[in-house]
Amino acid sequence: MNHRTIGVGSMIGALFCALLVILSGCDNGQKSPAVSAPAVIPDRSGELLSVAEDADPVLTPPLVLGFSQLGTESDWRLANTESIKEAAKEAGVELRFENAEQSQQKQIAAIRSFIEQKVDVIAIAPVIQSGWEPILKEAKAAGIPVIISDRSIDVADSSLFVTFIGADFYEEGRKAGKYLLDKTRDMTGTIGIAELKGTEGSAPSIERGKGFRDTIEGNSNFVYLESDYADFTFEQGKETMRRFLREKGKEIRVLFAHNDDMALGAIEAIEEYGLRPGKDIVIISVDGTRRALEKLAEGKINLVVECNPLLGPNLIQAATEIMQGRMLPKRIVPPESVFTEQMAKREAAKRKY
Ligand code: AHR
């Protein structure tokens, strides 16, 4: 039974709701569907049972979604937040939003507060991969389903979350590596690589780095000269690239930046140093933000691997379907591509973020 206050007609509503719950018989491993049940509810055999369409609107309070966003470190993140807020608004979902400012402790506190508030569904964009089991067990004990958004987590018990909606970061790293193999096929001698990694312990940093290395390994021309974390931010990307250049200077012929913001910061550092980004140093980035596509069009970035931040519609749909008692796939991956210099102008012009 839903824990939220039901307005006028609550007695009739409660009886009607109880009937819906009995009819649906599907709890998705979590608590029973809320009063905001859909006009049709699947039973266990997958057949749809019709429910009165003219149900009293008072009986369907909005779904309450608690969302713990990890921070505001990049243009990608801002677009992701915007997409979730917009999709919630459009669907009439009540979004309780908390920004954790890159702190797992703040995320855990936010999730605990969502549990106390008895929200219907919790969604988390986890800053790092490890350390989630205890708080997810608390959510499970409270019967609140959890959706993992954007970044994967490392838990032994996969029943602690319903679904993970987010990109295939390993594949993104592989796309970057494949491009590099192609781009450098006529280069001779040692090819020095610098790598700007994101946040230490985060899924995109671990998986993009691995996908890239796995793809280029075996080619003895490549040498990793520098590799360090720059937290997915413009400022740290610039500062870390300055240091790379101080230490290795012109030996660096390739930069793989794990996101656009760090690549944009690095471009400034490279120009300061007196080299030409995109020419003296091949630059590969990940995300596909407008600012990066503009640099791609100028020839200052050579390839941008897309990582789609517009997860809002999928997330809200998943939360809604969970409350409807529907079974969801354990993994939902948004479609993604790559942006080359040739496509950049056209894509940058229509980019919203
Ligand atoms: O988790 C997605 C990554 O996080 C994006 O690539 C990056 O820009 C963001 O900060």
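In this predicted model, helix α5 (residues 169-183) and helix α6 (residues 203-216) approach each other, their axes coming within 7 Å and crossing at roughly 35 degrees. The crossing of α5 past α6 is right-handed.

**Helix pair α5 and α6**
- On the α5 side, the contact is formed by F169, Y170, E171, E172, G173, R174, A176, G177, K178, L180 and L181.
- On the α6 side, the contributing residues are A203, P204, E207, R208, G209, K210, G211, F212, T215 and I216.
- Sorted by class, the contact of α5 with α6 comprises nine nonpolar, five polar and seven charged residues.

**Mixed sheet**
- An open sheet is built from six strands in the order β9-β8-β10-β11-β12-β14, and its pairing is mixed.
- The edge positions are held by β9 (222-229) and β14 (338-340); each has a single partner strand, so one side of each lacks a neighbour in the sheet.
- From one strand to the next, the twist averages 15 degrees.
- Strand β8 (residues 191-197) and strand β10 (residues 252-257) run parallel and are joined by five bridges.
- E195 has F256 in β10 as its bridge partner.
- Helix α6 lies across β8, β9, β10 and β11, and its direction is at about 165 degrees to β8.

**Parallel sheet**
- Another open sheet contains six strands in the order β4-β3-β5-β6-β7-β13, with parallel pairing.
- Its edges are β4 (94-99) and β13 (331-332), each of which has a single partner strand, so one side of each is left without a neighbour in the sheet.
- Three bridges connect strand β5 (residues 121-124) with strand β6 (residues 146-149), which pair in the parallel sense.
- I124 is bridged to I148 in β6.
- Helix α3 (residues 104-117) lies across β3 (64-69), β4 and β5, running at about 170 degrees to β3.

Definitions and conventions: Residues numbered from 1 in each chain as written. Predicted model: local features only at pLDDT ≥ 70, side-chain atom pairs only at ≥ 80, totals over all residues. Axes fitted to C-alpha atoms, helices over the stretch in contact; angles between N-to-C directions. Helix = DSSP H or I, 4+ residues; strand = E, 2+ residues; numbered from the N terminus. Left-handed = near helix turned anticlockwise from the far one by under 90°. Contact = placed C-beta atoms within 7 Å. Nonpolar A, V, L, I, M, F, W, Y, C, P; charged D, E, K, R; others polar. Pairing = 2+ DSSP bridges.
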